[in-house]
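Me: I would like to learn how to read the features of a protein model one at a time, with the general idea before the particular case. Could we work through one together?

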Amino acid sequence: MIDELKKEIEGARRSFGHELESIQSPEQLAALKERYLSRKKGVVSQFLARLKGCLPAEKPLAGQAINQFKEFVEAALSAAGAAGFAAAASGAWDDPSLPASELPVGRFHLIADIQGRIEDIFLQLGYEIAAGPEVERDEYNFTKLNFPEHHPARDEQDTFFLEGHDDLLLRTHTSPMQVRYMLGHRPPLKIISPGKAFRKDDPDSTHSPCFHQVEGLLVDRGIHFSHLKGTLEAFCRSFYGPDIVLRFRPGYFPFTEPSAEVDISCFLCAGRKTDCRVCKGTGWLEILGSGMVHPQVLRNCGIDPEEYSGFAFGMGIERVAMVKYGVPDLRLLYENDLRLLGQFG
Ligand SMILES: [Zn+2]
């Protein structure tokens, strides 16, 4: 009796295995479970019902064999259910012949993407990338860049000074890299320096205590304003579009003289739409600051302004992103909401 039962259990185990292999859907899996484990008519219950017919001496062994089979069936069904769960959730069962499901692909953050594209354009123009430290010396951030002693930017209200280190601060612009580079290299110099800068601004739609800049510096013999104009024109047309027109307005920066704010014609409407979302109908977009390197800055960095001249320019990457893509609030760029970031890059 017991031998016969054991043989039958072995047979049931094999057919269960075959049936499990051919499962195609969660419904089929549930039906298989019902067939084997249902209390009334399940295969396991039918085996248990036959215990009554066993001799008393055979009962423990028969019971053990049936229990082992039951545990095997339960474990196999549970494993198959877990494996199939992910597939079932996406609407497909575990079919290894199907093409792999698409995984989300990472991309650059908009800020990094724009920085990379600006870098590419200047690399093509023969510039080098010079990255510098974010914790900077007061001397490089202000003094050598010709900031007067009592310039408002040097105030603790505006700048993050490092506690216990009067000479150290979080750089307020990437311009100190100009100083570092001029101190370490002889002209001709042609660099851009991208990176983070920090100011004590309360976050609002156009300000953030941490932001990104790209600055450029070129120093050589016989450099004048037309070189600056030509360079910025080449950059803006490459970045914003071939028909962009530039407008230079007088500006003021301690480290350049003369200084100019640069506007570009609206790349969306070219000034033809009064309700343009990009230029608000003005036809112009403020995008960067620039100027000829102040002779005192050259002198501070050991370069003779009688022999050399140069130009410098700088732009905020967040500002570029907001202008180019119509991002209405700078803070959106830092909230890392993938619904926004997924639209770019
Ligand atoms: Zn416009």
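This is a predicted model: local features need pLDDT of at least 70, side-chain atom pairs count only at pLDDT 80 or more; totals for chains, interfaces and linings use all residues.

Me: Let us begin with the overall layout: which domains does the domain assignment give, and what distance separates their centres?

Reply: The domain assignment of the protein chain gives domain 1, residues 2-89, and domain 2, residues 110-341. Taken over C-alpha atoms, the centres of domain 1 and domain 2 are 73 Å apart.

Me: Next the backbone: how should I read omega and phi, and which peptide bonds are cis?

Reply: The general idea is that most peptide bonds are trans and that most residues other than glycine have a negative phi, so exceptions to either pattern are worth looking up. In this model the bond from Pro 187 to Pro 188 is cis, with omega near 5°, and Pro 188 sits in the loop between α7 (176-184) and β5 (189-198). The bond from Glu 257 to Pro 258 is also cis, with omega near -5°, and Pro 258 belongs to strand β8, which covers residues 256-265.

Me: And where do Asn 146 and Lys 280, with their positive phi, lie?

Reply: Asn 146, which is not a glycine, has a positive phi of about 75° and is found in the loop between α6 (138-141) and β3 (161-162). Lys 280 has a positive phi near 55°, and its place is the loop between β8 and β9 (284-293).

Me: Are those two residues buried, partly exposed or exposed, and why?

Reply: Burial is read here from a count of neighbours, where 20 or more other C-beta atoms within 10 Å make a residue buried, 12 or fewer make it exposed, and the values in between make it partly exposed. Asn 146 is partly exposed because it has 19 other C-beta atoms within 10 Å, and Lys 280 is partly exposed because its count within 10 Å is 13.

Me: What would an exposed case look like, for instance at Gly 126?

Reply: Gly 126 is exposed because there are 9 other C-beta atoms within 10 Å, and Gly 126 lies in the loop between α5 and β1 (128-129).

Me: Then what does a buried residue look like, taking Met 177 as the case?

Reply: Met 177 is found in helix α7, and it is buried because 24 other C-beta atoms lie within 10 Å. Leaving aside residues up to four places away in sequence, Met 177 touches Ala 130, Gly 132 and Ser 193. The C-alpha atoms of Met 177 and Pro 133 are separated by 8.2 Å, although these residues are 44 residues apart along the chain. Among the other buried residues of α7 are Pro 176, Val 179 and Met 182, and the buried residues of this helix pack against β2 (135-137), α6, β5, β6 and β10.

Me: How do I read a pair of helices, and at what angle do α5 and α8 cross?

Reply: One looks at the approach of the axes, then the angle, and then the residues in contact. The axes of α5 (residues 110-124) and α8 (residues 225-240) come within 10 Å and cross at roughly 135°, which means that α5 is oblique to α8. The crossing of α5 and α8 is right-handed. The contact is made by Arg 117, Ile 118 and Ile 121 of α5 together with Phe 235, Ser 238 and Phe 239 of α8, and these residues divide into four nonpolar, one polar and one charged.

Me: How is α5 placed relative to α10, and which residues meet?

Reply: The axes of α5 and α10 come within 10 Å and cross at roughly 100°, so α5 is roughly perpendicular to α10. Leu 110, Ile 111, Ile 114 and Gln 115 in α5 meet Ile 317, Glu 318, Val 320 and Ala 321 in α10, a contact whose residues divide into six nonpolar, one polar and one charged.

Me: Which residues of α10 are buried, and what do they pack against?

Reply: In α10, residues 317-325, the buried residues are Ile 317, Glu 318, Val 320, Ala 321, Met 322 and Val 323. They pack against α5, β6 (210-220), β9 and β10 (309-316). After α10 comes Gly 326, whose phi is positive, near 65°.

Methods. Residues are numbered from 1 along each chain as its sequence is written. Domain bounds come from an automatic or database domain assignment. Helices (H or I, at least four residues) and strands (E, at least two) are DSSP runs, numbered from the N terminus. Axes are lines fitted to C-alpha atoms, for helices over the stretch in contact, and angles run from 0 to 180 degrees between N-to-C directions. Angles under 35 degrees count as roughly parallel, over 145 as roughly antiparallel, 65 to 115 as roughly perpendicular and the rest as oblique. A crossing is left-handed if the near helix is turned anticlockwise from the far one by less than a right angle, and right-handed if clockwise. Two residues are in contact if their C-beta atoms, placed from the backbone, lie within 7 Å. Ala, Val, Leu, Ile, Met, Phe, Trp, Tyr, Cys and Pro count as nonpolar, Asp, Glu, Lys and Arg as charged, and the others, Gly among them, as polar.
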